[in-house]
Amino acid sequence: MTRSADFESFLKDINPSKTTIDEASRLQRNLRVHLASSEKYRDVHIDTYLSGSYAKKTFIRPKKDSSCCDIDIVVETNHTIDDSPYEVLSELWDAIEERDCYRNAKIQNHSVGIDMSNFHIDVVPLARNSTGCLFIGSNNDGTWLQTNPKRHISWSTETNQHYESNFKPLVKIMKWWRRENCPAWAKFPKGITLEKMIADNLPETGLSIEERIIRTMANLSVAYSGDLESKRVPFIEDPAIEGNNLASKYRYEDFAEFAKKLNEHIVLLADADNSN
């Protein structure tokens, strides 16, 4: 296999530019300072930190025909799960809208969304139960679901270190593959779900980047075939919360289409002797 240099070049291309990273840093920092100092919110606010792909450094640049990058900010509050998720979100929205630059903020299911120049920011408020565990609320049905975003970040870092710093580049490439190949009607696994699927199916260390991609795709294809043949959504264990299925909100049809597209590309790679 002789195309590792091409993959390295591809990785550089799909990474966000320094300008994008610097602007993302400025935007998230300003918003977090605002929430911590807001007269309306500072007594509710406990801590803020980054989450999602930006925090885990698996951030990829947007498509050339899209100008939007996502930033996720978590806000730990002094609310409890006895409070209404809608009221918790409304309170956060009210504090965010104090500044004119955030006046287009909207309450979403789990977060307050803000569209800014070239960026979409999701601000997610968390509450605690009586034992101190963190929960994310649903505006749609009024329920709270346990979460642990800091553990997801540390897990990603530990996995990358264990895999000789090759896990996160592999995640970036598979995220790009997902974005390019997911049909409009389907919801391919993404985010922490896709990351955990990749981590569960990593090939041995010491391979070239080309070999890692091909073998990971092959491992993913085999790993969930039994579930899909039985028309079941696979169980993807949450690395932060024991017993939590990261795939529980996906449909069987989403996973089936994901596997179908994966297998199509595995066949293309084999037929083209890896030159495709």
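Which residues of helix 7 are buried?

The structure is a predicted model, in which local features need pLDDT of at least 70 and side-chain atom pairs count only at pLDDT 80 or more, while totals for chains, interfaces and linings use all residues. Residues are numbered from 1 along each chain as its sequence is written, and side-chain values use heavy atoms, with hydrogens and water left out.

**Exercise 1. List the buried residues of helix 7 and state what they pack against.**

Step 1. Helices (H or I, at least four residues) and strands (E, at least two) are DSSP runs numbered from the N terminus, and buried means under 20% relative accessible area, with exposed over 50% and partly exposed in between (1.4 Å probe, protein chains only).

Step 2. The buried residues of helix 7 are Ile 192, Thr 193, Leu 194, Glu 195, Lys 196, Met 197, Ile 198 and Ala 199, so that eight of the ten residues of this mostly covered helix are buried.

Step 3. These buried residues pack against helix 3 (52-56), helix 5, helix 6 (167-181), helix 8 (209-223) and helix 10 (252-271).

**Exercise 2. Describe how helix 5 packs on helix 7.**

Step 1. Helix 5 (residues 149-162) and helix 7 (residues 191-200) pack at an angle of about 30°, with their axes 12 Å apart; axes are lines fitted to C-alpha atoms, for helices over the stretch in contact, and angles run from 0 to 180 degrees between N-to-C directions.

Step 2. Because angles under 35 degrees count as roughly parallel, over 145 as roughly antiparallel, 65 to 115 as roughly perpendicular and the rest as oblique, helix 5 and helix 7 are roughly parallel to each other.

Step 3. The contact (heavy atoms within 4.5 Å) is made by His 152, Trp 155, Ser 156 and Thr 159 of helix 5, together with Ile 192, Glu 195, Lys 196 and Ala 199 of helix 7.

**Exercise 3. Identify the strands that pair with strand 5 and the sense of each pairing.**

Step 1. Two strands pair if DSSP finds at least two bridges between them.

Step 2. Strand 2 (residues 69-80) runs parallel to strand 5 and is joined to it by nine bridges, with Val 75 opposite Pro 125.

Step 3. Strand 4 (residues 112-116) runs antiparallel to strand 5 over five bridges, and Met 116 has Phe 119 as its bridge partner.

Step 4. Strand 6 (residues 134-137) is also antiparallel to strand 5, over three bridges, with Arg 128 opposite Leu 134.

Step 5. Strand 5 (residues 119-128) is itself mostly covered, with nine of its ten residues buried.
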